[in-house]
Amino acid sequence: MNTEVIAKSRKQADGATLESEQRYKRLLDSVTDYVYAVMVEDGRAVATVHGPGCEAVTGYTSDEFGTDQTLWYRMIREEDRREVLEQAERILRGEEPPPLEHRIVHKNGTERWIRNTTVPRKDAQGRLVAYDGLVYDITDRKQAEERLTRAHAELQANEEALKRTLEELKRANQQLKETQLELIQAARLESVGALAAGVAHEVKNPLQTILMGLDYLVPNCPSDNENIATVLTDMREAVTRANAIIRGLLQLSAQTDFEVKAEDLNASVRRALRLVNAQVIASKVTVVRKLDPHLPRVAVDRGKIEQVFINLLINALQAMSPGGVLTITTRTARVGENVAVGETASRHFNQGDRVVIAQVQDTGTGITPANLPKVFDPFFTTKAAGLGTGLGLSVVKKIVDLHGGAIDIQNAAPGGVVVTLVLKAGPEETLSSPKEVGYK
Amino acid sequence: MKPMNTEKKRILVVDDEASITRLLKLNLEQTDDYVVRGENDAKAAVAAAEEFEPDLILLDVMMPDVDGGELASRFQANPKLSTVPIVFLTAAATKGEVYMRGGKVGGLPFLAKPVEISEVVACLKQQLGS
């Protein structure tokens, strides 16, 4: 090909290119959307042309972008600039990145969201000569999305708050039920106690008459009549039982003295054990003591707390067959840290409270689930007639309540029953320095 | 004037329940160690005591006109009776309370009703040093 032909071809080609660029410029001008084109040479962006649609989106005119080549970059929100540059670099490397959504600052100072879609333009040899960008203002959509996200988050927060409220309501309802049950039980004990206190005196005097009548009749009745002897013995046992009921009912009432002093609970356990020693021997059970030697003193009425242990020990002894094991444990604990005091007890103490725990455990037959809720009811008993008044545990509960303590009765895992008594520990002091902390 | 038979101790029982004073008298006198006078009228008890000159007074606590505590004060304030030991017999306390109080109320020993005659006798012997 000669020089003239080459020059002619080049002139034709330049003409075609020019015509193409002019046609593209006309196309760009006629599009109302924000369209821009970036010219590329040797893999580098060399110039940018913005269509007239740019003004509607950015506030800046094509001319302003034309005279200030870095305006497009400065217009991008600082936080989003890195992403925009990465998108441009990927196009220049020959990739086709997905549309990018980012923020710009409008000429009037407001923040706008745009969606920037780029399309590479290549020559016949596949080299990148430019890339076109199409920009949509998506501010309204973004704001709607943000509102939606906020609304969704609020909804979620509200839903969680509702769930929490519902849980709290359930817990409160449960506590209310338990408190109501306790109140009913307390009211029942109170009314029984008040009634008992009223009639105790009236009943004890006739009992005294019967008892002394028996005392008189026994040596004066014919000794050869077995029936008379049996009748007199039965009558004496009946008086003893009636008196035990009166005593139990009086203990249920608040009519007896309540004298609180700092006491050694281990000593109370030992004294109670001594008092039931005859029954221990007769029951042929083994007694295991696990008494914490460093137990802090507890503010209790000694007589009443010993009554608690005596009642619990007698119950345990009567529940077991020969060969059984009666275990008494005392220990110190802190509520919530190294002890779970149970749902009921947890209402009597605060987290971190120092408490003394005493447990009486037997290896008997246990209590049926149906009977467990009734064990503190006055006159409830599963013992054979004459063996129990059904007041022992009611008295225990009453005394524990008087001390602001908690009591829990459960079937033990290996069989039998475990009674847990929780009392607030007194101030830190040694067992050798008793100190009066209560009142009469 | 105090009767000649000083071997038997003289016990005045003051209780508003006639059956109790009667049975205490029957039971105690049956032992041959005591002479018992029962008095059911608390207001007349001081005069009865002056006349009877007891070695010990068994005194009910809850009585309708004068309670046992008040009556005990009257006995102690009377020069003729001030040294006579008094033992309360009461339906107002339990045996547990008797044990916890070391068997005393207001400094005086007491027995909780219902009480067996053997316990009454043991208490009388202790108080009278017999």
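1. Confidence in chain B. The mean pLDDT of chain B is 84, where pLDDT is the predictor's confidence in each residue, from 0 to 100. In this chain, 84% of the residues reach 70 or more. Helices here are DSSP runs of H or I with at least four residues, strands are runs of E with at least two, and both are numbered from the N terminus. Where pLDDT is low, the predicted coordinates should not be read in detail.

2. Basis of the model. This is a predicted model, in which local features need pLDDT of at least 70, side-chain atom pairs count only at pLDDT 80 or more, and totals for chains, interfaces and linings use all residues. Residues are numbered from 1 along each chain as its sequence is written, while chains are lettered from A and ligands numbered from 1 in the order in which they are written.

3. Chain A has a mean pLDDT of 82, and 81% of its residues reach 70 or more. Over residues 430-440 of chain A the pLDDT is below 50, and beyond near neighbours in sequence this stretch has 20 contacts in the model. Two residues are in contact if their C-beta atoms, placed from the backbone, lie within 7 Å. For the complex, the predictor gives an ipTM of 0.79 and a pTM of 0.49.

4. Composition of chain A. Twelve helices and twelve strands make up the elements of chain A. Of its 440 residues, 27% are buried; a residue is buried if 20 or more other C-beta atoms lie within 10 Å of its own, exposed if 12 or fewer, and partly exposed in between, with C-beta atoms placed from the backbone. Among the contacts of chain A with a separation of 6 or more, 64% join residues 24 or more positions apart.

5. A sheet in chain A. Five strands of chain A form an open sheet with mixed pairing, in the order 7-9-10-12-11; two strands pair if DSSP finds at least two bridges between them. Strand 7 (286-291) and strand 11 (406-411) of chain A stand at the edges with a single partner strand each, so one side of each is left without a neighbour in the sheet. Neighbouring strands of this sheet are turned by 15° against each other on average, direction ignored; axes are lines fitted to C-alpha atoms, for helices over the stretch in contact, and angles run from 0 to 180 degrees between N-to-C directions. Within the sheet, strand 9 (residues 325-334) and strand 10 (residues 354-361) of chain A pair in the antiparallel sense over eight bridges. A:Thr330 stands opposite A:Ala358 in strand 10 of chain A.

6. Composition of chain B. Chain B has five helices and six strands, which run β-α-β-α-β-α-β-α-β-β-α from the N terminus on. Of its 130 residues, 38% count as buried. Residues 24 or more positions apart provide 57% of the contacts in chain B with a separation of 6 or more.

7. Helix 3 of chain B. In helix 3 (residues 68-77) of chain B, the buried residues are B:Gly68, B:Leu71, B:Ala72 and B:Phe75. They cover an arc of only 105° around the axis, which puts them on the same side of the helix; the arc is that of the directions from the helix axis to the C-beta atoms. These buried residues pack against strand 1, helix 2 (45-52), strand 3 (56-60), strand 4 (86-90) and strand 6 of chain B. On the other side of helix 3 of chain B, B:Glu70, B:Ser73 and B:Ala77 are exposed.

8. Backbone details. Phi of A:Asp42 is near 50°, a positive value in a residue other than glycine. A:Asp42 lies in the loop between strand 1 (34-41) and strand 2 (44-50) of chain A, and is exposed, with 7 other C-beta atoms within 10 Å. Phi is also positive in B:Asp32, near 70°; B:Asp32 is found in the loop between helix 1 (18-30) and strand 2 (34-39) of chain B. The peptide bond from B:Lys113 to B:Pro114 is cis, with omega near -5°.

9. Contact between the chains. The contact takes 19 residues from chain A and 20 residues from chain B. Helix 6 (139-220), helix 7 (226-252) and helix 10 (302-319) of chain A each give two or more residues to the side that touches chain B. Helix 6 of chain A gives the most, with twelve residues.
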